Structure formats: structure tokens, C-alpha cells
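Please look at the sequence and the structure below before reading on. A short report follows them.

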Amino acid sequence: MRASHFAFFMNLPTLLCLGLVLAYPIGYAAYLSVHRVGLAQLRRGEFPFNGWENYGRVLEDPLFWVALKNTLVFTFITVSSEIVLAVLIALLINQSSIWTSRVTRFLILLPYAIPPIANGLIWAFLYSFQFGFLNRILFTAGLIDNPINWAGNPDTALYAVTVPYVWRTLPFAIILVHAALQGIPRELYEQSAIDGANAWHRFWHITLPMLRQIIAIILILRTAFAFAVFEEILAITQGGPGDATWVAAWYSYKITFAPPNNFGMGSASAYILALMIGAIALVYMRFVYRRVTL
Amino acid sequence: MSNDLIGKWELSRRRVLGTAAGLGLAGLSGAAFGQQSGPLSVAPKSKVDRLNFVVWTYGDIYTRIAKQFETDWGVKVDSTISSFNDHPTKLATMFAAGEKIDVSQSSPFSFPNFVNQGLAEPIDDLPGAADYIKDFTPFTKQVATIKGKTMGLPYFSAVWVWNYYADMLEKLKIDKPFASYDEFIEHCVKAKKDGVSRYPILWIAGVGLEQLPGTWYQMTWNKGGAFFDKQGNHMLGAGSVARETLKWWANTFEKGLDIADPESLKVQFTSGAKAFGAGKNLYRGPNHHYGLNICNDPAQSPIAGKVKVHGSPGEGKTIGVTHVYFLSSANRDKEWAWKLLQYLGGRTKDGNYTQAVSLAKDAMLGSGYLSVMNSDAVKLGWAPWGDVPAILKIWDQAAYIGEVCSSVYQPWHFPWTDQLNIEVQKCLTGQITADQCCDNLIKGIADAKRKV
């Protein structure tokens, strides 16, 4: 048996699993998005074809555009915050000469172990206007005179939701950056030190270029996940106040699962979102993910 | 004195008539309570190994009633229980996935949608259904009857009332709660000015089908307005009562008088009752009456016993609602499903309205049956938490929410309410004016109809 055939057969089980778990739902959602699908149709298994109508209805819905705008703002804030913080924190815990960094490496993982919905509920309590811990701390510290309505004010609500989200997902980015940091050859730093490079120069000319690939991967993954943010929205604001925190995934959820349960339109909105994420991933790959040459 | 008596008699006339109807029913069908009637004690001929219901959570009532059913009939009952807000989603996905569902429940706002999509079956022809229908309260009839067919049995009923914190009122040296909306504002402004309460009013303005919308519906109705006329035309135009009420309401928030608790935009009925129990607000409402069983429960509220019920200004007009259980069209056996439905929304094998009575006693919920509303289950059961005659007086002045907002009968009401929640919250937080809000909602009616 030739090596290529052997490789093919070895990959077949994985391919089948991915096909069933990923490709089938994706394909089925595409099918639903061009059909009229409500509860009754799902029950009967008969879906009248309606072409691009669902897509048209999504695109002409002003709420979809509000949700998309909020999603873009949310994604930009959370992903950029995660990248910056992940690099900073990974650099800190990468200092093996500091013994506490080993403890920190363990502790930093804790938020990632918290279920997203539980994280949302914890922060909902923290943000509570009159009884929340955050306002209590700020008031006690003399930083505020009156409580701040973090999640209930349309001017602050979306930003308020970004904090718990970043808090929960940051460890993932830190781990990846930290792993990449450990892969950078020490000789590079030693040679640059001999050449007289200071810490900033070493970071800018060695560390950052060597992290470029992992940063691209984090950008792609975190952007995709941030675009689909749902649990924190559900637990903290449920889209409110008004439409201040309606995001794309919340829109798809409401369209699909709240009466009149328009599964076709919900699938169409999810597909539009997926296509946008795909396009952004291509942009990242084109401009960020480059092979490192030293 | 005699005038008072006449007044009382007139106010309770509906209840008296209800009692008469209930007694008539008792004469026809055996008795409202405590007696076995034919079909109730007879097992269906078919065999099932299990049944199930899909409901939203409320204490342990479903565990108890399922256990009773199993004891009485030897058939295991599975339950799928989710939160109120998640229930339509859970039900929809189970139905869409082709799962068996014998009995489920609905708020009146989702119900026309469920019926429209074929989730519920009519019950008119089932044994004993006619007796139930005769005992329905007017609210129940309006919710359960769709296109001339009876589609469900009542879960519970509630009316919208106001609450006030008596000690705070006394501290302000105000001898009685407000009798007009101007007086309401006066009291709140005084409470804030005197430093007695930073936010004197806690509205129920959290996103929901009857929370934020219900507050607006109730005050509009109380002021003599409605949202749709009998022909289904909207009543939200310039100068309408609904629009003026919204202007007045929005003015109580931060951008206006700043007397409304910012938590108002998040709280639901139960969470609102818990927040009010902290003793930081003077008034709460208008909202479901049964919140008193939280505010006045010493285990849950530091101001227990100090929260009083209050009617609405003017003629005291208010609104009410009934939620329902229904026979799912995805049932595994219609006769057995009907039997189970009766355990949840009707009588048990012993002939009692077991569930309705325990809901009244344990949770201060009203019933969708005249005979239960007129029984000691309500009169004695509610007494630990509130002034029962006062609540029942308010009950008599309540109209079904569908009279105020007839779109509840339409499948497009649900998506329109989604928009209503968004637009009104934007108005209350000063992002748009009440005029813009109402104009958007008028435009949204056509959009919502297209979504169905």
C-alpha cells in the first residue's frame, strides 16, 4: 500500500466524524436557510422552497444591522484586549526566574474552567446597580459617589459585557502565547544582547515576529468565538437595555427559538454571520499569518 | 354605611355571580370539591407505560402532582422543566424534533402562536371538558378559546396591583397612598427630596412578554386607553392615551424626574418583589398581585408585613391574565394525555382541583376557575401575605389583557413584543422620545406580521 493511501485510510475515521458532526449540520442549515421552516414544517418534514427570501428578510431587518454593529464593536474590543493582555501576561509568566510565575500559570487557567453561563451570572451579580460588589468596592474606595448602572445603561452596557467575556477567554490566548514564547530559541536573545539590543528591541525585533503566527491563530479563533458571543449576553443583559447589547448570535437565537420560530430566517442570519467570519479569517491569513524568516 | 354596603355589593357582584355559576356547576356535576365524578375516576381503556409534560419551573408543584398521578394510575410521568423564559424554546425544539409531548403549558402571549403552529389540540369534546368550561373565569375563557375552540385548561390567574412600603409612607408623614398619578409623583419627589428613598419607584420594566409591556398596558388601560381597537387598528398615534402614558412614564427615569430605580429595567415579577423587599423603594408596580408572598415573607424580606397592596388611580381599572396548560398534538395517547392535563389544570381522581388549590395556598396565585376563586383556598390561603378583600376588590375591576392589547390573539404579537421591549427601553433610557417609540412600533406592526 502506498504511503498516500495509507494516510488516507488513517484519516478516514476523523473525516467521517467531522463530516457527521460539522459538515452535516452546516449543510442542513444551508438547506433550511433557503426554505420556509417553522415548527409545523419541521414536524411534518415538508419545507417549501423560498429561495433567497430568508436572506432578504434578514438583510432588510434594521435590528440585524444593529446587532451586527454591536457584534463588530464587541469583537474589536474583546479580541484586541485579549491579544494585548495575553502577550503581556505571557511575557510575565514566562520569566522562569520568578518562582511565583509557576503559581500564576496555574491560577490563570481558572477562569477558563468556569462555564460561560455561570461566568455571566457571576458578573450579573457583580454589576447589580444597588447591591453589586463592583459598585460597593468603588464606593468604599471613594472612587464613586453614586452607584453606576453598568449593565443597565445603554452607553455602558456593551462595554460592560466585554469585561466578563475577556476575563473568561483570556487564559486560552495566554496559554497559546506562552507556548509560543517557550519555542523561541534562547540563542536569539543572547546574540541580540551581545549586539547591544535592549529589552524593547528584543521584544520588537525577535519576540513579536516570532509570535506572529500564533497571534494570527488567536485572532482567527477569538474573532470567530467573539462573533458568536451568546452566554454572557443571555446572563447579563438579554440584549438590553433596548437594543444596546443585541449581538448577531442573540439575533439568530431570538429569530429561531422565540415564537413564531422562524428556523429558515434564523439559519440565514447564522449563515451571513459565518460568511463574515470566514472573510475576516481570510484577511487575517493574508495580512498577519506569514512565515517567519530570520 | 349603607352606601358602603351597596358599593361593596356592586364591587363583588361579579364574584357573587361567579359563585352562583360555581354552585350551579356543583349541582350539575356532583361537587366542585372533594367528590369523585364518573370520568375522573375511570382509567382510559388504552395502555401507556409513561406520560410526560413540558412546563416551566415553579417550586415543587410538578414533582408532587406527577407523584400523585403515578400513585393514582400507576403510570410513570416524566417531566421536562425549564425556566419561564426558556420554556417556548424548549417546547419548540422538542416538538420540532418529533419528540412525544403529552401536556405542556403556555403564557397567553405564546398560545395563539402554538395553536397556529399546530402544537395544541382542542379539548371541547373530551369527557368532562364541558364542566370545566362552565367553571372558567372570564379571563380563562378569553385565553383558552381560540377560533371558537377550547384549547386549554387554566394554570393560574393574576391581576396587576400596586405595592407600597407602609413604614416609608409613614416616615414621609403621608397618611395614605396616592389616589392620582399627580399625587404619585408628589410622593416620589418628596421621598427623594427628604432623603427617605433615592429611587422611590421600582417599576417592572424588565424585558418580557408581560413585564415591561404589562406595566405600559396597565397604566394605559387605567387612564382610559388601549393599544388596539376592536377592529385591530392600533391606538398609538399622536395624542393617544398609550403615547401620553409612555411620555409620563419615561419622565420618571433618569433623564426626567430621576425617581425611578434603574434596576426597574432588569427586574421581572419575582426579582422585582425580592428587590422591593430590600426596603429601598416607596412604591412598586403595577405588577402581578402575588409578589406579596415574597415581600411579606419574613424568610425572604427584611420588611415583611410592611408591604401593602394598593389599587390603581381613578376608577381603579386594571388588567389581569391567565396562563394555560394544553393537550399537545404530539401526545402518545389522547385519552391518557387528557387525564394528565386534568391533573395539572383541572381535577384529580378525587374530584378536587388539587393543583389550583395548592397554587393558591402555597404561592398566592389566582385560579382560572370560578369555584376555586370563591373558595377558602383563596380567602384563607392568601391571608398570610396580603389584604385579601382589597386584592379581590381589585380583581373585580380587572379586564383581561387582551381587551387592552388585542394583538395577544395574533401570532405576530410575539415578534412585535420583542420590538416593543426594545423601543420602550430605549425610550425609558432617553435614547429616543415617546413619539419616536410609538411611531417605530406602528411601523413594526407590519414588520411583525411579515415575520409570521
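## Basis

The model is a predicted one.

## Where chain B touches chain A

On the chain B side, 28 residues make contact with 22 residues of chain A. Two or more residues of that side come from each of helix H5 (87-96) and helix H21 (413-428) of chain B. H21(B) contributes the most, with six residues.

By class, the side of chain B that touches chain A holds 13 nonpolar, nine polar and six charged residues.

## Helices H7 and H9 of chain A

Two packed helices are described by the angle between their axes and the distance between the axes. For helix H7 (residues 116-127) and helix H9 (residues 157-182) of chain A, the axes come within 10 Å and cross at roughly 135°. H7(A) is therefore oblique to H9(A). The crossing of H7(A) and H9(A) is right-handed.

H7(A) brings Pro116(A), Asn119(A), Gly120(A), Trp123(A) and Tyr127(A) to the contact, and H9(A) brings Ala160(A), Pro164(A) and Arg168(A). The contact of H7(A) with H9(A) comprises five nonpolar, two polar and one charged residues.

## Residue Ala363 of chain B

Ala363(B) lies in helix H16 (residues 354-363) of chain B. Ala363(B) counts as partly exposed because 17 C-beta neighbours lie inside 10 Å.

Apart from neighbours within four places in sequence, Ala363(B) is in contact with Gly59(B), Tyr290(B) and Asn293(B). Ile294(B) is 69 residues from Ala363(B) along the chain, and the C-alpha atoms of these two residues are separated by 9.2 Å.

Terms used:
Residues are numbered from 1 along each chain as its sequence is written. Chains are lettered from A and ligands numbered from 1 in the order in which they are written. This is a predicted model: local features need pLDDT of at least 70, side-chain atom pairs count only at pLDDT 80 or more; totals for chains, interfaces and linings use all residues. Helices (H or I, at least four residues) and strands (E, at least two) are DSSP runs, numbered from the N terminus. A residue is buried if 20 or more other C-beta atoms lie within 10 Å of its own, exposed if 12 or fewer, and partly exposed in between; C-beta atoms are placed from the backbone. Two residues are in contact if their C-beta atoms, placed from the backbone, lie within 7 Å. Ala, Val, Leu, Ile, Met, Phe, Trp, Tyr, Cys and Pro count as nonpolar, Asp, Glu, Lys and Arg as charged, and the others, Gly among them, as polar. Axes are lines fitted to C-alpha atoms, for helices over the stretch in contact, and angles run from 0 to 180 degrees between N-to-C directions. Angles under 35 degrees count as roughly parallel, over 145 as roughly antiparallel, 65 to 115 as roughly perpendicular and the rest as oblique. A crossing is left-handed if the near helix is turned anticlockwise from the far one by less than a right angle, and right-handed if clockwise.
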